[in-house]
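These are my notebook entries on a structure I went through today. I set down the terms as I needed them and then what I looked up.

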Amino acid sequence: MYKSQQVALKYFAAAIVLFGIMVVAGLLAATQYVHNGFLLNQLDFSITKILHIDTMILWLLMGFMGSIYWFLPGELNRETEGIKLAEIMFYILCGAIAIVALVFIVVQYGGANEFSMWFINQGRKYVEAPRWAAIGIVLVVAVFCYNIIATTIKAKKVTGIMGVLIVDLLPLFALYLIAFASITNMSEDLFWWWWLVHLWVEGTWEVLIGCIMAFSLMQLLGTERRIVETWLYIEVALVLGTGILGLGHHYFWIGTPGYWLAIGGLFSALEPLPLLGMVVHAVYDAGTHRMKTTNKPALYWMMAEAFGNFLGGGVFGFMMTLPQINLFSHGTQWTVSHGHFAFWGAYACGILSVIYLALQKAREIAEVNGGRWKWGFALLNLGMVGMVGALLISGIAQAFYERAIGGSTLQAFIEGQSNMWFVQGINARLIFGVMFALGYGVLVYDLLTLGKRKAVQPALLRPA
Amino acid sequence: MITQDPSFWRAGAISSTVVMSIVLIFLTVDSLSAIAPGGRNVPRYTVINQAIDYQFDAARNRSVPVIGGEQLLFGRKYSEKEAQALMDKGKLTIQSRACIDCHTFFGNGAYYAPDLTKAWLDPVWKQMWMPMTQSNTREEAMVKFLMDPDKYPTWGRQMPNLRITRVEAEAIVGYLKWMSSIDANGFPFGFKTAETQ
């Protein structure tokens, strides 16, 4: 095994730990919706929410980086350049995350001054990490970019997937620099913040996971390079062709000009197209191999990624993206429903697929199957679908009673939150959240014991 | 067949990305001028010296902010420089207390607490908080609530005490007043202010 792949396994381990913290923080936040006063003035909702969403971003980012460190040596037939530096940066990143989490939990808030921005909490959703930690993330991503570009240069070989990956790294790195901004004007602040959040998540991340899935398909099903590269280009053309101006659906209501209503509505309505293409691609490839593989969980998680991305990102996004609907659905639990489904489908499932693939090779397991992974798969996916459905019910009730009828005043907000359908949805979300947490437990147990539960014959790995 | 040739789709990927990026850059330049304080959609910070309302405009078929005559905040008139300083402080307070991780601004943020886009115009200040806090003005009621939210519980879900100082609370109130003057294309829909009620 390459050193790069050993580093990848460390990234995967850290990603799974952060996944767990995300689940715990999510359960706490969900409980705060159900039980008023739960942890009030001790660990307020804002803190559990920050822990929930920031660990989500970080575990997905670490999953992406681990995936690339895993596939890179195989793609270029050589060790990753500067991999020792990458390993050092991994430990620095883990240390920084631990310190930031402790500060969030213990210190929580600072005064209205620059010290708070640098050392406590920047208070901007998803990028709350204080600036010193944000600098750390920039350095880690810079080393990651260096690893990939330098290895490609040394290998004197640019495959189609590597070409897309390298071009994608530039905006991935540059957009994160927006995390440092502190703009007084809220409209302008949100304008740039959405460049970061949307163009990362619905642009560079989509392309990144497209590259990772392309690597996976070749390893998992032995799909021809020509086919995966063709699909990757189609995906990039459609993702960026629709997603760049699809950014406009975040500019409907922040003070920006009215033309964004038409532009954002049109292009974001087209955003499901590449996601539908991914479903067609995955089903076609799996079908031509009659679902035969030596790594069932990896294949099933990859299929979950394709369908989850299309349904969660595409269909659920489309459902609320036209301005006529978004005027009422925006900023309600409807958005939360879409957000959960989209992040889970588009990214989390794909990373879990790669982790199963990597562990098969790292532990030299001839065939990965059995019953336990199915429990993890079922509990996690049913838990997620349950949460998404429950939040959708709450969100539609909120959009109707608070927004359409009530007019979004404080009184309307309270009436919306007290509405029977809203309350039932929010209660059901917690129940399905517990189911999801159980699934996480089974997943971790399965990953820890994979290939260790009974003696397996080491096998020379062929394409899985 | 040409559609099975990766280079055909590579050309499509590059061209669509480049074209869309160029369009985005042009729109960004125009949007930034519209949302700068004093731009087409966002008033200057000194608008806090004036009365602000939010009324339905039949011609545009949506609600729009309406800027009226002088209505001082905390009984004082802010100069351009003072208003800028107040807004800087207000935004820093909002960020340092991570307000956006419970509330929403223009619908963006968390969804645990009410949207603050037009909070300054909410009739609840006059109806509930002014009597509850024994304040003569809306801004005074808001300051008292922000400094000691646990003293003034309104419903089951309470705002935590974030150790907000008097200076910070005044800055937040000023910020919310300015924010309520921004034209957000009719969001929030049907918001009834104290005046329109």
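I took helices (H or I, at least four residues) and strands (E, at least two) as DSSP runs, numbered from the N terminus. The model is predicted, and I kept to the rule that local features need pLDDT of at least 70 and side-chain atom pairs count only at pLDDT 80 or more, while totals for chains, interfaces and linings use all residues. Residues are numbered from 1 along each chain as its sequence is written, and chains are lettered from A and ligands numbered from 1 in the order in which they are written.

Entry on backbone geometry. I then turned to A:Tyr126, in the loop between helix 4 and helix 5 (131-155) of chain A, where phi is near 75°, a positive value in a residue other than glycine. I recorded A:Lys156 in the loop between helix 5 and helix 6 (160-176) of chain A, with a phi near 50°, again positive in a residue other than glycine. For burial I counted other C-beta atoms, placed from the backbone, within 10 Å of a residue's own: 20 or more is buried, 12 or fewer exposed, and in between partly exposed. A:Tyr126 is therefore partly exposed, with 18 C-beta neighbours inside 10 Å, whereas A:Lys156 has 7 and so counts as exposed.

Entry on helix 11 of chain A. The expected span is 1.5 Å times one less than the number of residues, so the 24 residues of this helix (residues 296-319) should span 34 Å, and the 32 Å between its end C-alpha atoms agrees. I noted a kink of about 30° centred on A:Gly308, the bend being the angle between axes fitted to the seven residues ending at a residue and the seven starting there. In helix 11 of chain A, 17 of the 24 residues are buried.

Entry on the two chains. I called two residues in contact if their C-beta atoms, placed from the backbone, lie within 7 Å. On that basis 67 residues of chain A are in contact with 71 residues of chain B, and helix 8 of chain A gives the most to the side of chain A that touches chain B, with 11 residues.

Entry on A:Ala397. This residue of helix 14 of chain A is buried because 23 other C-beta atoms lie within 10 Å. Leaving aside neighbours within four places in sequence, I found A:Ala397 in contact with residues including A:Gly416, A:Trp421 and A:Gly425.
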